Amino acid sequence: MLVSAKEMLTKAKSGHYAVGHFNINNLEWAKAVILTAQELNSPVILGVSEGAGKYMCGYKTIVGMVNGMLEELNITVPVALHLDHGSFEGAKKCIEAGFSSVMFDGSHYSIEENIAKTTELVAITNKLGISLEAEVGAIGGEEDGVIGGGEVADPAECEMIANLGVTMLAAGIGNIHGKYPANWTGLRFDTLEAISKLTGDMPLVLHGGTGIPEEMIKEAISLGVSKINVNTECQLTFAAATRKYIEEGKDLIGKGFDPRKLLGPGLEAIKATTKEKMQLFGSIGQA
Ligand code: 13P
């Protein structure tokens, strides 16, 4: 059964590790991430962007698929199904469809409007026991057409949003979605520290997990980051493994064209990347 992300993140915050949020794109993606979490006895969050939601034929399809997997694969570790960078309407749709966690990204609104809309969703999600992620300050890079400028959040605004009663808070600290540019100046730990001080026990979320050096990840966790989002890195390793299979002509040997074989190396690559991240984040054995 899907669970809210609240308990796993509270435990992560007090235990000084982070839970991985891995974006999913299809059945293979969800299967790879869920199986890895079970094998490593780790809690996990499956992230679904609105674009990926459309691609997978809507939120209800995803809820059905993931719930089915949890039952049929006898999954016992905590798994949350989470809307990533949701709009206000998207968040409501996911709640209706049976997601156990949603993000409302109001970072492009004025702080007043972000507060008003987040407040409304706090009331709805609290009543249903669903976890809610809010965001302050746009995160850089491009994801599904959403472009941010690598902004850095205002700690005072973070405090305001945290006090609304959200479960977790994403704040821009110089992080960027996708690959980092060569001239990237790194995470702003001064800002993260200031946000941490003002938001107390609130689990903080680090977006743009792909390509952040290990030492920076560890420092971010030590300063209160309890959820780290990874998307692009699984896409890159999936694509590389699939490319290798085709370039080696394996699809032309015997029944190598069977999608269950063709997509196998990509699935294993997602599993390996997920494992690597769970090791780095410290969530292994914490289910
Ligand atoms: P990356 O694609 O950079 O890993 O970012 C993922 C993310 O933050 C999803 O919200």
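**Note on the predicted model: helix packing, ligand shell and selected residues**

1. Helix 10 and helix 12 cross in a right-handed sense (the near helix is turned clockwise from the far one by less than a right angle). The structure is a predicted model, in which local features need pLDDT of at least 70 and side-chain atom pairs count only at pLDDT 80 or more, while totals for chains, interfaces and linings use all residues. Residue numbers start from 1 along each chain as its sequence is written.

2. Helix 10 covers residues 232–247 and helix 12 covers residues 264–281. Their axes lie 8 Å apart at an angle of about 145° (lines fitted to C-alpha atoms over the stretch in contact; angles from 0 to 180 degrees between N-to-C directions). On the helix 10 side the contact comprises Glu233, Cys234, Thr237, Phe238, Ala240, Ala241, Thr242, Lys244 and Tyr245. These meet Pro265, Gly266, Glu268, Ala269, Ile270, Ala272 and Thr273 of helix 12 (contact: C-beta atoms, placed from the backbone, within 7 Å). By class, the residues of this contact are 9 nonpolar, 4 polar and 3 charged (Ala, Val, Leu, Ile, Met, Phe, Trp, Tyr, Cys and Pro are nonpolar; Asp, Glu, Lys and Arg charged; the others, Gly among them, polar).

3. A further helix pair is formed by helix 2 (residues 27–39) and helix 4 (residues 59–72), whose axes come within 11 Å and cross at roughly 35°. The crossing of helix 2 with helix 4 is also right-handed. Leu27, Ala30, Lys31 and Ile34 of helix 2 are set against Met65, Val66 and Met69 of helix 4. The contact between helix 2 and helix 4 holds 6 nonpolar residues, no polar residue and 1 charged residue.

4. The chain as a whole contains 12 helices and 10 strands (DSSP runs numbered from the N terminus: H or I of at least four residues, E of at least two). Its C-alpha atoms fill a box of roughly 60 × 45 × 35 Å along the principal axes. Of its 287 residues, 47% are buried (20 or more other C-beta atoms within 10 Å; exposed, 12 or fewer; partly exposed in between). Among contacts between residues at least 6 apart in sequence, 71% join residues at least 24 apart.

5. The ligand is surrounded by 15 residues, and the closest are His207, Thr210, Asn229, Asn231 and Thr232 (near: C-beta atom within 6 Å of the molecule). Two or more shell residues come from each of strand 3 (79–86), strand 10 (225–230) and helix 10. The shell divides into 1 nonpolar, 12 polar and 2 charged residues.

6. Gly47 belongs to strand 2 (residues 44–49) and is buried, with 25 other C-beta atoms within 10 Å. Leaving aside residues up to four places away in sequence, Gly47 touches His21, Phe22, Asn23, Ile24, His82, Asp84 and Asn229. Asn229 is also one of the closest residues to the ligand. The C-alpha atoms of Gly47 and Val230 are 8.9 Å apart, although 183 residues separate the two along the chain.

7. Most residues other than glycine have a negative phi. Cys57, in the loop between helix 3 (50–55) and helix 4, has a positive phi of about 70°. Cys57 counts as exposed because it has 11 C-beta neighbours inside 10 Å. Asn74, in the loop between helix 4 and strand 3, likewise has a positive phi, near 50°. Asn74 is exposed, with 7 other C-beta atoms within 10 Å.

Definitions and conventions. Two residues are in contact if their C-beta atoms, placed from the backbone, lie within 7 Å.
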